[in-house]
Amino acid sequence: MALLCHHDHVLWLVNMTSAGEKQHYALVLLRHLFKHLPTIMTVGLLYDIGCQLKHSCHKWKLLDEGILARLKFDISVFHAYGHQWSCQIIYHSHKCVGLGLSDGEGCEQLWSSLKMLILIL
(Lines give C-alpha, C1' and ligand atoms only; values in the text may rest on other atoms or scores of the structure.)
Protein backbone atom coordinates (compact mmCIF):
# COMPACT_ATOMS: atom_id res chain seq x y z
CA MET A 1 0.00 0.00 0.00
CA ALA A 2 1.28 3.48 -0.76
CA LEU A 3 0.73 7.00 0.52
CA LEU A 4 1.09 9.61 -2.21
CA CYS A 5 1.05 13.39 -2.05
CA HIS A 6 -1.28 15.62 -4.09
CA HIS A 7 1.22 15.52 -6.96
CA ASP A 8 1.17 11.68 -7.01
CA HIS A 9 4.70 11.36 -5.61
CA VAL A 10 5.25 8.41 -3.26
CA LEU A 11 5.74 9.46 0.36
CA TRP A 12 5.75 6.03 2.03
CA LEU A 13 5.09 2.40 1.14
CA VAL A 14 3.89 -0.44 3.35
CA ASN A 15 4.56 -4.06 2.47
CA MET A 16 1.25 -5.88 2.74
CA THR A 17 1.60 -9.31 4.33
CA SER A 18 -2.03 -10.40 3.92
CA ALA A 19 -4.42 -10.29 0.99
CA GLY A 20 -7.00 -7.54 0.60
CA GLU A 21 -7.21 -3.90 1.63
CA LYS A 22 -6.93 -4.12 5.39
CA GLN A 23 -7.56 -0.86 7.19
CA HIS A 24 -4.54 -1.21 9.47
CA TYR A 25 -2.17 -0.57 6.55
CA ALA A 26 -3.84 2.78 5.85
CA LEU A 27 -3.84 3.61 9.57
CA VAL A 28 -0.11 2.98 9.87
CA LEU A 29 0.57 5.25 6.90
CA LEU A 30 -1.66 8.00 8.29
CA ARG A 31 -0.09 7.88 11.75
CA HIS A 32 3.36 8.08 10.19
CA LEU A 33 2.32 11.01 7.98
CA PHE A 34 0.94 13.02 10.89
CA LYS A 35 4.21 12.58 12.82
CA HIS A 36 5.86 14.64 10.07
CA LEU A 37 3.27 17.41 9.69
CA PRO A 38 2.74 20.64 11.62
CA THR A 39 -0.12 20.38 14.12
CA ILE A 40 -2.09 23.08 12.28
CA MET A 41 -2.14 21.26 8.93
CA THR A 42 -5.32 19.62 7.62
CA VAL A 43 -5.08 16.63 5.28
CA GLY A 44 -7.56 15.59 2.60
CA LEU A 45 -7.50 11.81 2.21
CA LEU A 46 -8.70 10.35 -1.10
CA TYR A 47 -9.12 6.63 -0.55
CA ASP A 48 -11.21 3.98 -2.33
CA ILE A 49 -12.94 3.04 0.91
CA GLY A 50 -12.62 6.39 2.66
CA CYS A 51 -16.17 6.35 4.02
CA GLN A 52 -15.60 2.92 5.63
CA LEU A 53 -12.26 3.98 7.09
CA LYS A 54 -13.80 7.14 8.57
CA HIS A 55 -16.63 5.15 10.13
CA SER A 56 -14.19 2.63 11.64
CA CYS A 57 -11.93 5.38 13.00
CA HIS A 58 -14.80 7.07 14.81
CA LYS A 59 -16.53 3.88 15.98
CA TRP A 60 -13.43 2.07 17.26
CA LYS A 61 -11.21 5.10 18.08
CA LEU A 62 -8.52 3.86 15.67
CA LEU A 63 -6.90 7.30 15.38
CA ASP A 64 -6.65 9.85 18.17
CA GLU A 65 -8.88 12.91 18.07
CA GLY A 66 -5.93 15.21 17.26
CA ILE A 67 -5.51 13.41 13.94
CA LEU A 68 -9.21 12.89 13.18
CA ALA A 69 -9.93 16.60 13.67
CA ARG A 70 -7.34 17.42 10.99
CA LEU A 71 -8.32 14.68 8.52
CA LYS A 72 -10.92 15.07 5.76
CA PHE A 73 -12.00 11.71 4.32
CA ASP A 74 -13.07 11.50 0.69
CA ILE A 75 -13.43 8.84 -2.00
CA SER A 76 -11.36 8.88 -5.17
CA VAL A 77 -13.45 9.98 -8.15
CA PHE A 78 -13.79 6.70 -10.02
CA HIS A 79 -14.78 4.79 -6.89
CA ALA A 80 -17.40 7.33 -5.81
CA TYR A 81 -19.71 6.22 -8.63
CA GLY A 82 -19.77 2.63 -7.35
CA HIS A 83 -20.91 3.59 -3.84
CA GLN A 84 -24.39 4.31 -2.59
CA TRP A 85 -25.94 7.61 -3.69
CA SER A 86 -25.81 9.03 -0.15
CA CYS A 87 -22.09 8.23 0.04
CA GLN A 88 -21.46 9.98 -3.31
CA ILE A 89 -23.06 13.21 -2.09
CA ILE A 90 -20.99 13.29 1.09
CA TYR A 91 -17.66 12.00 -0.19
CA HIS A 92 -17.29 12.81 -3.90
CA SER A 93 -13.90 14.57 -4.10
CA HIS A 94 -14.93 17.06 -6.81
CA LYS A 95 -17.70 18.30 -4.54
CA CYS A 96 -15.44 18.87 -1.53
CA VAL A 97 -13.98 22.32 -0.99
CA GLY A 98 -10.19 22.37 -1.03
CA LEU A 99 -9.46 19.24 -3.06
CA GLY A 100 -9.62 20.86 -6.49
CA LEU A 101 -9.83 18.43 -9.38
CA SER A 102 -7.76 15.67 -7.79
CA ASP A 103 -9.02 12.28 -8.91
CA GLY A 104 -7.21 10.24 -6.24
CA GLU A 105 -6.08 7.63 -8.74
CA GLY A 106 -2.31 8.16 -8.31
CA CYS A 107 -1.89 4.81 -6.53
CA GLU A 108 -3.64 2.99 -9.38
CA GLN A 109 -1.18 4.59 -11.82
CA LEU A 110 1.75 3.72 -9.54
CA TRP A 111 0.75 0.04 -9.37
CA SER A 112 0.23 -0.02 -13.12
CA SER A 113 3.79 1.18 -13.64
CA LEU A 114 5.16 -1.35 -11.09
CA LYS A 115 2.99 -4.35 -11.97
CA MET A 116 5.93 -6.33 -13.36
CA LEU A 117 7.45 -6.29 -9.84
CA ILE A 118 4.29 -7.43 -8.04
CA LEU A 119 3.80 -11.16 -7.67
CA ILE A 120 0.26 -12.35 -8.36
CA LEU A 121 -0.73 -15.48 -6.45
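**Figure 1. Burial and surface of the predicted protein chain.** Of the 121 residues in the protein chain, 36% are buried, where buried means under 20% relative accessible area, exposed over 50%, and partly exposed in between (1.4 Å probe, protein chains only). The accessible surface of the chain comes to about 7,900 Å², and 62% of this area belongs to carbon and sulfur atoms; accessible areas come from the Shrake-Rupley method with a 1.4 Å probe, and for residues only the protein chains shown count as cover. The model is predicted, so local features need pLDDT of at least 70 and side-chain atom pairs count only at pLDDT 80 or more, while totals for chains, interfaces and linings use all residues. Residues are numbered from 1 along each chain as its sequence is written, and side-chain values use heavy atoms, with hydrogens and water left out.

**Figure 2. Order of the helices and strands.** The protein chain has six helices and four strands. Helices (H or I, at least four residues) and strands (E, at least two) are DSSP runs, numbered from the N terminus. From that terminus on, the elements follow the order β-β-α-β-α-α-β-α-α-α. Among contacts between residues at least 6 apart in sequence, 58% join residues at least 24 apart; contact means heavy atoms within 4.5 Å.

**Figure 3. The largest nonpolar core.** The largest nonpolar core has 21 residues. Such a core is a set of buried Ala, Val, Leu, Ile, Met, Phe, Trp, Tyr and Cys residues joined through side-chain atoms within 4.5 Å. Leu45, Tyr47, Leu53, Cys57, Leu63, Leu71 and Phe73 have the most contacts inside the core. Two or more core residues come from each of α1, β3, α2 (50-60), α3 (65-68) and β4 (71-74). The largest share, seven residues, belongs to α1. In α2, the buried residues are Gly50, Cys51, Leu53, Ser56 and Cys57.

Figure 4. The largest pocket holds about 1,400 Å³ of space. On a 1 Å grid over the protein atoms alone, a pocket is an open set of points where a 1.4 Å probe fits, with protein on both sides within 12 Å along at least five of seven lines, and lining residues have an atom within 4 Å of a point. Grid points are joined across faces, edges and corners, and the volume is the space filled by probe spheres set on the points. The lining has 45 residues, with Met1, Ala2, Leu3, Leu4 and Cys107 nearest the pocket centre. Elements that give two or more residues to this lining are β1 (2-4), β2 (10-13), α1 (23-35), β3 (43-46) and α6 (106-114). The largest share, five residues, comes from α6. By residue type, the lining divides into 29 nonpolar, ten polar and six charged residues; Ala, Val, Leu, Ile, Met, Phe, Trp, Tyr, Cys and Pro count as nonpolar, Asp, Glu, Lys and Arg as charged, and the others, Gly among them, as polar.

Figure 5. Most residues other than glycine have a negative phi. Asp8, in the loop between β1 and β2, has a positive phi of about 65° and is partly exposed at 39% relative accessibility. Lys61 follows α2 and is found in the loop between α2 and α3; its phi is also positive, near 55°, and Lys61 is exposed at 60% relative accessibility. Ala69, in the loop between α3 and β4, is exposed with a relative accessible area of 65%. Ala69 and Val43 are 26 residues apart in sequence and 9.7 Å apart in space, C-alpha to C-alpha.
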